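The sequence and the structure come first.

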Amino acid sequence: MSDQLEKIVEVIYKKICAKLKSLGYIEIEASGRHVHLSRKAIEELFGKDYQLTNIKPLSQPGQFVSAERVTLIGPKGQLSNVVVLGPERAHSQIEVSKTDAKILGINAPILESGKIQGTAAIEISANGNKVQLNQGLLVAERHIHMSLADAESLALKDGDRVDIEVNSDRPVVFKNVNLRVSEQYDTTMHIDYDEANACNLTGKTFGLIIKK
């Protein structure tokens, strides 16, 4: 595909997405297991003053996939080659699915991302180094990142709960989805791979917002 044709396709796609948003549809992304690390954990795993290597931007502004990978070690099993997302955070957080948690042998609670109080302990290894975290492992609650402009146009606000109808070849309705609104967000819904498989999420998939 030529550069000119790619630009035309991109413009058309953006117009389609804008129209779908105005009708209450939202793009859905599957979020695989990943790790957010604090400065302390980064240095313990990779070395003093180490900086994560940005190799790919994510849909949310300022967030990125790093080149670094770690292994999660639980009482019953481990998960290797787990991606580290940047930038670094004030507190380490590890997000897995319920299936992942069973492999590890850990009862990981389902919580809103960022709320790590009372979450499960986990050991992380990389480059022959290990870090034992007393908390931080969780199954992230399904949620929507929404721009302030989109929220206002749909008469929604931060903290609202909505249902999302997905009309795939395995149609489902995701109930009680947490809405997080900020001027810093691009509008996208995030679910884990257990949920993505439940609705057979493939390619560009949109769900319809059903207000409570």
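Helices (H or I, at least four residues) and strands (E, at least two) are here DSSP runs, numbered from the N terminus. The model is a predicted one, in which local features need pLDDT of at least 70 and side-chain atom pairs count only at pLDDT 80 or more, while totals for chains, interfaces and linings use all residues. Residues are numbered from 1 along each chain as its sequence is written, and side-chain values use heavy atoms, with hydrogens and water left out.

Side chains of opposite charge can pair when their charged atoms come close. With a salt bridge taken as a side-chain nitrogen of Lys or Arg within 4 Å of a carboxyl oxygen of Asp or Glu, the count comes to 11 salt bridges.

One of them joins aspartate 100 to arginine 33, with the closest N and O atoms 2.9 Å apart. This pair links distant parts of the chain, since aspartate 100 lies in helix H3 (residues 98-104) and arginine 33 in the loop between strand S1 (25-31) and strand S2 (34-38), 67 residues apart. Aspartate 100 is buried at 5% relative accessibility, whereas arginine 33 is partly exposed at 33%; buried means under 20% relative accessible area, exposed over 50%, and partly exposed in between (1.4 Å probe, protein chains only).

Within helix H2 (residues 39-46), arginine 39 and glutamate 43 lie 4 residues apart, about one turn of the helix, and their side chains meet in a salt bridge of 3.3 Å, N to O. Arginine 39 is partly exposed, with a relative accessible area of 22%, and glutamate 43 is also partly exposed, at 25%. Salt bridges that share partners join Arg39, Glu43 and Glu88 into one network.
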